[in-house]
Amino acid sequence: MDNPPNSLAGKVALITGAGDGMGRQHAILMAERGADVVINDVNAAGAEETASLVRALNRRAHVEVCDVADVAAIRRMVGNAISTLGRIDILVNNAGFGRRQQTWDIGEGDFDLMFDVHVKGSFFCAQAVLPGMKERRWGKIINISSIWGMTAAAVSPHYCAAKAALLGATKAWAREFAPWNIHVNAVAPGGVLSGGPLKFYTKEQLAAREAAVPLKRYCDPREISYAVAFLASPAADFITGQVLSPNGGEVIVGI
Ligand SMILES: NC(=O)c1ccc[n+]([C@@H]2O[C@H](COP(=O)([O-])OP(=O)(O)OC[C@H]3O[C@@H](n4cnc5c(N)ncnc54)[C@H](O)[C@@H]3O)[C@@H](O)[C@H]2O)c1
């Protein structure tokens, strides 16, 4: 019998920032669906923990500890990963962080870090995995943006701008890589119970923010993984250049 269209059997996925939060859940779900996983993070212990969870599912896991803001390190990472697991078919540009700052408090270093991790890191990870994808004429690249890349917010303008830049790159790459059957999409999560929201909000602030969402809650990180794994699978073979935003109705865009 053919694999079901959401199967990732035989594929190798590189997930950046997979040592915690959503990235870890993407790794687990993709392994459940048959993929082997390259787990990148700056946090070695977190990455190793994700790797054991993937191996417990009888899939291969390879850990690469590096900062995606470092282009030379990205190139080494992708080379090592291909030597170990043979190929990279799926790239999830997930590594990132939030920082609640106002424009007047943002120094050049804050600005550069925001763009280096989210935009430069994603850009050069894509560039590094591209040759193999082109050769095999198969690839899925998923950039993790945010609803704040679409609607923005009255705080963290550098974060909003970096996440919006990822939407631009997504659309450009979708057109540029289409001749090689490489699909590029973005996932723009709303509120997720991981990372920033757990760090920045008190219990009361979080409850108030959840109450403002039409579905009245933030989501579990795994609910974002369903969108990411879908876009990585053959079920999404006619989808490229799109933004999928699981957000509980917080952002509803008209035509
Ligand atoms: N949590 C939310 O509500 C939310 C909403 C929209 C978008 N996002 C985005 O989703 C992604 C994942 O967020 P999360 O909530 O799972 O965060 P998280 O903090 O739980 O996990 C992020 C992981 O990325 C790693 N990381 C950070 N900088 C890195 C770097 N330079 N190189 C390699 N690894 C690095 C961290 O060590 C961490 O393990 C981020 O890009 C974030 O901006 C989050």
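In the predicted model, G249 is in contact with V213, P214 and L215 when its neighbours within four places in sequence are left aside. G249 belongs to the segment that follows β7 (243–244). Within 10 Å of G249 lie 10 other C-beta atoms. A residue counts as exposed if that number is 12 or fewer, and G249 is therefore exposed. Between the C-alpha atoms of G249 and E64 there is a separation of 36 Å; along the chain these two residues are 185 residues apart.

The surroundings of the ligand were examined next. A shell of 30 residues surrounds the ligand, and the closest of them are G17, D20, G21, G96 and G195. At least two residues of this shell are supplied by each of α1 (21–32), β2 (36–41) and α7 (195–200). Sorted by class, the shell contains 11 nonpolar, 16 polar and 3 charged residues.

Two helix pairs were then described. Packing of two helices is given by the angle between their axes and by the distance between the axes. Helix α1 packs with helix α2 (residues 44–55) at an angle of about 15 degrees, and their axes are 9 Å apart. Angles under 35 degrees count as roughly parallel, so α1 is roughly parallel to α2. The crossing of these two helices, α1 and α2, is right-handed. On the α1 side the contact is made by R24, A27, I28 and A31, and on the α2 side by T50, L53 and V54. The residues of this contact of α1 with α2 comprise 5 nonpolar, 1 polar and 1 charged.

The other pair consists of helix α4 (residues 108–136) and helix α6 (residues 157–177), whose axes come within 9 Å and cross at roughly 20 degrees. By the cut-off of 35 degrees, α4 is therefore roughly parallel to α6. The crossing of α4 and α6 is right-handed. Helix α4 takes part in the contact through D110, F111, M114, F115, H118, V119, S122, F123 and A126, while α6 takes part through H158, Y159, A162, K163, A165, L166, A169 and W173. In the contact of α4 with α6 there are 12 nonpolar, 3 polar and 2 charged residues.

How values were computed
Residues are numbered from 1 along each chain as its sequence is written. This is a predicted model: local features need pLDDT of at least 70, side-chain atom pairs count only at pLDDT 80 or more; totals for chains, interfaces and linings use all residues. A residue is near a molecule or strand if its C-beta atom, placed from the backbone, lies within 6 Å of it. Helices (H or I, at least four residues) and strands (E, at least two) are DSSP runs, numbered from the N terminus. Ala, Val, Leu, Ile, Met, Phe, Trp, Tyr, Cys and Pro count as nonpolar, Asp, Glu, Lys and Arg as charged, and the others, Gly among them, as polar. A residue is buried if 20 or more other C-beta atoms lie within 10 Å of its own, exposed if 12 or fewer, and partly exposed in between; C-beta atoms are placed from the backbone. Two residues are in contact if their C-beta atoms, placed from the backbone, lie within 7 Å. Axes are lines fitted to C-alpha atoms, for helices over the stretch in contact, and angles run from 0 to 180 degrees between N-to-C directions. Angles under 35 degrees count as roughly parallel, over 145 as roughly antiparallel, 65 to 115 as roughly perpendicular and the rest as oblique. A crossing is left-handed if the near helix is turned anticlockwise from the far one by less than a right angle, and right-handed if clockwise.
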